[in-house]
Amino acid sequence: MAVLPLVEDWITLCCVSNPVGGPYIGNAKWLGTKLAPLLRAAGIRAGAEQLLCTSVDGFTSGTPIQTVMDGRDALLAVAMNGSPLPVAHGFPARLVVPGLYGYVSACKWITDIKVTTWAGEYAYWATRGWSQQAPIKTECRIDVPSLSNTNLRAGPTRIAGVAWAQHKGIDAVHVRVDKGPWREATLASVPGIDCWRQWAVDWEAAKGNHVIEARATDATGYTQTAVQAPPEPNGASGYPTITVSVV
């Protein structure tokens, strides 16, 4: 039996239920074996379309094989942030596939992986009307000012947050106040394209009520859409927006 090497990567995971600007997203350093060589070693056949993963509690997720095999660090993960997987995060093994919403990419407590087709099997959320293939949309979030602290003092103010476009990478974030001109934010460095990216822009806050919006542009040139859509069936969209009162 071949022993496959372990790889470690910073990967951001996002829940499809996350509203625009919402909290259901996180970043961690994952350790595991790549799924692509594991599947090749198992003898994956032509025509296979999805990995149907089953959790110890009976939950199933369906992951596009084309995504798993395209070179990204799609992992069968066994550790997180330098320690063995906590039980809450999927011990002893879980799926971590960058660029796909969690319900198709992040099955925890895996008991088996079945190679099948889209027509042959429907995973848990697919039977409930959610998309079978669920690429994460290019998005950003405003973290500062926070929704719990929207009363500001007039003067120099920092607007900041995170942006993500897993397996594409973030090239720019722009911010505008009160439908004014878009201003480009400063981006922090990142370890790779599967990791979210911090951004910040300085603003001279004047007294009054103001609406702040942000949008992200990924490395393919696509800019986050202003069109609002709910999470179902394939992820929310729109600009993250926050209203502040400056005194």
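## A tour by selection

Start at aspartate 70, which is partly exposed with a relative accessible area of 40%. Buried here means under 20% relative accessible area and exposed over 50%, with partly exposed in between (1.4 Å probe, protein chains only). The model is predicted, so local features need pLDDT of at least 70 and side-chain atom pairs count only at pLDDT 80 or more, while totals for chains, interfaces and linings use all residues. Residues are numbered from 1 along each chain as its sequence is written, and side-chain values use heavy atoms, with hydrogens and water left out.

The term covers a side-chain nitrogen of Lys or Arg within 4 Å of a carboxyl oxygen of Asp or Glu. Arginine 72 is buried, at 12% relative accessible area.

**The largest nonpolar core**

Next, select Leu35, Leu51, Tyr101, Tyr103 and Trp164. Among the 27 residues of the largest nonpolar core, these touch the most other members. Such a core is a set of buried Ala, Val, Leu, Ile, Met, Phe, Trp, Tyr and Cys residues joined through side-chain atoms within 4.5 Å. At least two core residues come from each of helix 1 (35–42), strand 3 (50–55), helix 2 (65–68), helix 3 (102–105) and strand 11 (155–164). Helices (H or I, at least four residues) and strands (E, at least two) are DSSP runs numbered from the N terminus.

Centre on leucine 35. Leaving aside residues up to four places away in sequence, leucine 35 touches Leu51, Val68, Ala74, Leu75, Leu76, Leu95, Val97 and Ile113; contact means heavy atoms within 4.5 Å. A separate second core has 20 residues, including Ala165, Val201, Ile212 and Ala216.

Strands 3 and 8 are joined over six bridges in the antiparallel sense.

Move to strands 11 and 15, an antiparallel pair with nine bridges. Which residue of strand 15 is the bridge partner of arginine 158? The partner is aspartate 202. The side chains of these two residues also meet in a salt bridge, 2.9 Å from N to O. This pair links distant parts of the chain, with aspartate 202 in strand 15 (residues 197–205) and arginine 158 in strand 11, 44 residues apart. Aspartate 202 is partly exposed at 44% relative accessibility, and arginine 158 is partly exposed at 48%.

Strand 15 also pairs with strand 14 (residues 186–187), antiparallel and over two bridges. Here leucine 187 stands opposite tryptophan 199.

Now select valine 144 in strand 9 (residues 139–144). Apart from residues up to four places away in sequence, valine 144 touches Arg158, Ile159 and Ala160. The C-alpha atoms of valine 144 and alanine 200 are 8.8 Å apart, and the two residues are 56 apart in sequence.

**Strand 16**

Is glutamate 213 buried or exposed? At 6% relative accessibility, glutamate 213 is buried, whereas lysine 179 is exposed at 58%. Salt bridges with shared partners join Arg176, Lys179 and Glu213 into one network.

Histidine 210 is also in strand 16 (residues 208–218) and is buried at 10% relative accessible area. Its side chain makes a polar contact with the side chain of aspartate 178 at 2.7 Å. A polar contact is a pair of N or O atoms within 3.5 Å; within protein, one must be able to donate a hydrogen and the other to accept it, and residues adjacent in sequence count only if both atoms are side-chain atoms. The histidine 210 side chain also reaches the backbone oxygen of alanine 206 at 2.7 Å.

Methods. Pairing = 2+ DSSP bridges.
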